[in-house]
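The points below are meant for a reader who is new to this structure, and they go from the overall fold to single residues. Please read them with the model open.

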Amino acid sequence: SRKMTVDGKDCDSLYCAEAFPAPGSESFRQEMHFKRMYAKLIISVTGYEAKDPPVKILVRSNTTGYLADMSVIEGPSVLETMPVYETKGFPADCDTLHFLANVMRQNDLESLKMSVISLSGTDTELPLGSMMAQSLEGSEEEDAFFTDYYIEIDLDHCTVSIRVAQWESEFSSIIEY
């Protein structure tokens, strides 16, 4: 099985697990531990001019999909996300624009780049992967895709802050046949 992204589209909220029954066995029972294969980005943008608001965010990566063994397929891809105007958890604030994006697991976290594109076409590029890695505080790079990131971008003050949500634990299920 193969899961590919389509340029411009969000990554699916995908969880994966694998198991290998013994050759020749007539029955099989195993607890499957599912791993999250994406990171959710909850992005707030402030400090923009009213006449030139951000209209989209682009996330560029070097991963285009997954194989059945949970390895990633290398290749350039671009995720495009538009502002979200009505979402639970976002305060009503006319000076802030919110964006949501799911980013698939990467072999090279540092290759992730994010651009905030304004109405006039201004492109503010940020080293997303480096910022995610710094926010993990010594955790394994693989852990970068088992969580959510709250990213606050202030264009006026040229600042970015990232808050990592509480780690989502793996979940499991018993598979029998």
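1. Helices (H or I, at least four residues) and strands (E, at least two) are DSSP runs, numbered from the N terminus. On that basis, the chain comes to one helix and twelve strands, and the order of its elements from the N terminus is β-β-β-β-β-β-β-β-β-α-β-β-β.

2. This is a predicted model, in which local features need pLDDT of at least 70 and side-chain atom pairs count only at pLDDT 80 or more, while totals for chains, interfaces and linings use all residues. Residues are numbered from 1 along each chain as its sequence is written, and side-chain values use heavy atoms, with hydrogens and water left out.

3. Of the 177 residues in the chain, 41% are buried, where buried means under 20% relative accessible area, exposed over 50% and partly exposed in between, for a 1.4 Å probe and protein chains only. When contacts (heavy atoms within 4.5 Å) between residues at least 6 apart in sequence are considered, 64% of them join residues at least 24 apart.

4. In soluble globular proteins, nonpolar side chains tend to be buried together. A nonpolar core is here a set of buried Ala, Val, Leu, Ile, Met, Phe, Trp, Tyr and Cys residues joined through side-chain atoms within 4.5 Å. The largest such core has 24 residues, and L41, I43, V59, M114 and L128 have the most contacts inside it. Two or more residues come from each of β4 (38-46), β5 (54-67), β7 (97-104), β8, α1 (128-135) and β10 (148-154). A second, separate core has five residues, including M37, Y66, M70 and V72.

5. If residues up to four places away in sequence are not counted, M114 touches I43, I57, L58, V59, T124, E125, L126, L128, I151 and I153.

6. Which residues lie nearest the centre of the largest pocket? They are Y48, D52, S118, T122 and L155, out of 13 lining residues. A pocket is an open set of points on a 1 Å grid over the protein atoms alone, where a 1.4 Å probe fits, with protein on both sides within 12 Å along at least five of seven lines, and lining residues have an atom within 4 Å of a point. Its volume, the space filled by probe spheres set on points joined across faces, edges and corners, is about 170 Å³. Strand β8 (residues 113-118) gives the largest share of the lining, three residues.

7. S118 itself belongs to strand β8 and counts as buried because its relative accessibility is 9%. Its side chain makes a polar contact of 3.1 Å with the side chain of D52; such a contact is a pair of N or O atoms within 3.5 Å, of which, within protein, one must be able to donate a hydrogen and the other to accept it, and residues adjacent in sequence count only if both atoms are side-chain atoms. Beyond its neighbours within four places in sequence, S118 is in contact with D52, P53, P54 and V55.

8. Q106, in the loop between β7 and β8, is buried, with a relative accessible area of 7%. Its side chain is joined to that of T63 by a polar contact of 3.1 Å, and the side chain of Q106 also reaches the backbone oxygen of M104 at 2.8 Å.

9. G75 lies in strand β6 (residues 72-81), and its C-alpha atom is separated by 4.9 Å from that of N62, 13 residues apart along the chain.
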